[in-house]
2 protein chains.
Amino acid sequence: MDRRQRKTRDAIFRAFTGLLSQKEFHRITVGEIIERADIGRATFYAHFETKDDLLNDLCEELFCHIVDTEQSTEPQHHHIFEGDCSESAFLHLFEHLQNNDHNLVSLLSSYNNELFMRYFKNHLEQMVSQHRSLFASRKSDTVPDDFWIHHITSTLSDTILWWIHNGMKEPPKIITGYFFSVL
Amino acid sequence: MDRRQRKTRDAIFRAFTGLLSQKEFHRITVGEIIERADIGRATFYAHFETKDDLLNDLCEELFCHIVDTEQSTEPQHHHIFEGDCSESAFLHLFEHLQNNDHNLVSLLSSYNNELFMRYFKNHLEQMVSQHRSLFASRKSDTVPDDFWIHHITSTLSDTILWWIHNGMKEPPKIITGYFFSVL
DNA sequence: TTCTATACAGAACACATCGTTCACAAACAG
DNA sequence: CTGTTTGTGAACGATGTGTTCTGTATAGAA
């Protein structure tokens, strides 16, 4: 990819995430984005069809990034964590949010938008499904499987949002404990 | 209140809820609303400052309605329900959604918006707080009170949304059962 | 380095939507 | 009937959108 393209694309993303942490998505104008990114109007539309397109691409990028770091750093932590080794995946998620992914946290804490939350929950549901066996013992026989998976995912998502909105005061280990305590 | 005011106000609400079940809030224009409500542009702005204002008022109206019917119909069901009598409040909520409140269900099932969900969750949190004692025995000592209340509320909200998005196939009693099974 | 393709700048454009204004008509209350 | 309130319809400036154009600068290949 052309170096120029990369530069402007990054500039647009930076400007956009900055604005997203300040105001709701639908209150952000293309004019603000290009002013902050210091690019021409036509340039913006050369890269993205609409504002929604930009948001889509940003989501893709953010969650690609999460998956990458999860897979690359998880093995290192496996032997450090002294509990159930499958639980470490979730502990690691909380740690990652606290230490690395300020962009993601900033988006989750501010005016969240529908599309972004959909991406987020999809990602969490994938993760929960992968570790399904971990929760099997906690499941009551009276609820169907799809409801159960949905419930775990929702609880994880709501726990993360509660944590972030309360300033992430609790250390990741404690939050992970909360999460498993209520299941 | 003037009969004319009531008529136009209702016409605006009808047009607005109809449109809300078809498309996202921020894609709805004032032009569409007044065309569907068959009123003049100036009339709309005589009743509501902005589109957001209209949404606000609609939310107020919807949740006032829920509270009214809850309080008026609950006593009749108390002696019919054979389980714990506090659980009947939640059973009743599910029944009410299935039988009476098509407007609310339609809004919850379609493109939901931030403001509307905030109202909804606030209402549920009030309800959960009122019946706090019902959940005390299920609470683990390791989680703090505020997290516990938040978790119950989220679970209730997510259960309702899951139910609606799956076509409300399960009878209210079953769903109430699911809700209490996962706590 | 030189050449060529392509990305960007900057301005102008038509278009849609917003929220306001005003003069006039219709419905209301006493 | 009479004065007041409410709705009508058209027009307005302001703001944002997405496109188009010409000229310039830069990347990457020869």
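Student: How many of the 13 residues of α5(B) are buried?
Tutor: This is a predicted model, so everything here is computed from it. In α5(B), 10 of the 13 residues are buried, so the helix is largely enclosed by the rest of the structure.

Student: Which ones are buried in α5(B)?
Tutor: The buried residues of α5(B) are B:S88, B:A89, B:F90, B:L91, B:H92, B:L93, B:F94, B:E95, B:H96 and B:L97.

Student: New topic. How many residues are in contact between chain B and chain A?
Tutor: On the chain B side 23 residues are in contact, and they meet 23 residues of chain A.

Student: And what area is buried between the two chains, B and A?
Tutor: About 2,100 Å² is buried between chain B and chain A, and carbon and sulfur atoms give 61% of that. On the chain B side, B:F147, B:W162 and B:V182 supply 28% of the area buried against chain A, more than any other three residues.

Student: How many salt bridges does the rule find across that interface of chain B and chain A?
Tutor: The rule finds 2. A:R27 forms a salt bridge with B:D52, where the closest N and O atoms are 3.4 Å apart.

Student: Which helices of chain B supply at least two residues each to the side that touches chain A?
Tutor: Those are α7 (114-130), α9 (145-165) and α10 (172-181) of chain B. The largest share comes from α9(B), with 10 residues.

Student: How many nonpolar, polar and charged residues are on that side of chain B?
Tutor: The side of chain B that touches chain A has 7 nonpolar, 10 polar and 6 charged residues.

Student: Over to chain A. Is A:F63 buried or exposed?
Tutor: A:F63 lies in helix α4 (residues 51-78) of chain A. Its relative accessibility is 6%, so A:F63 counts as buried, the cut-off being under 20%.

Student: What is A:F63 in contact with, leaving aside neighbours within four places in sequence?
Tutor: A:F63 is in contact with A:L104, A:F116, A:Y119, A:F120 and A:H123.

Student: How far apart in space are A:F63 and A:V182?
Tutor: They are 26 Å apart, C-alpha to C-alpha, and 119 residues apart in sequence.

Technical notes:
Residues numbered from 1 in each chain as written. Chains lettered and ligands numbered in written order. Predicted model: local features only at pLDDT ≥ 70, side-chain atom pairs only at ≥ 80, totals over all residues. Heavy atoms only, no water. Contact = heavy atoms within 4.5 Å. Buried area = accessible area lost by both parts, 1.4 Å probe. Salt bridge = Lys/Arg side-chain N within 4 Å of Asp/Glu carboxyl O. Helix = DSSP H or I, 4+ residues; strand = E, 2+ residues; numbered from the N terminus. Nonpolar A, V, L, I, M, F, W, Y, C, P; charged D, E, K, R; others polar. Buried < 20%, exposed > 50% of the residue type's maximum accessible area, 1.4 Å probe, protein only.
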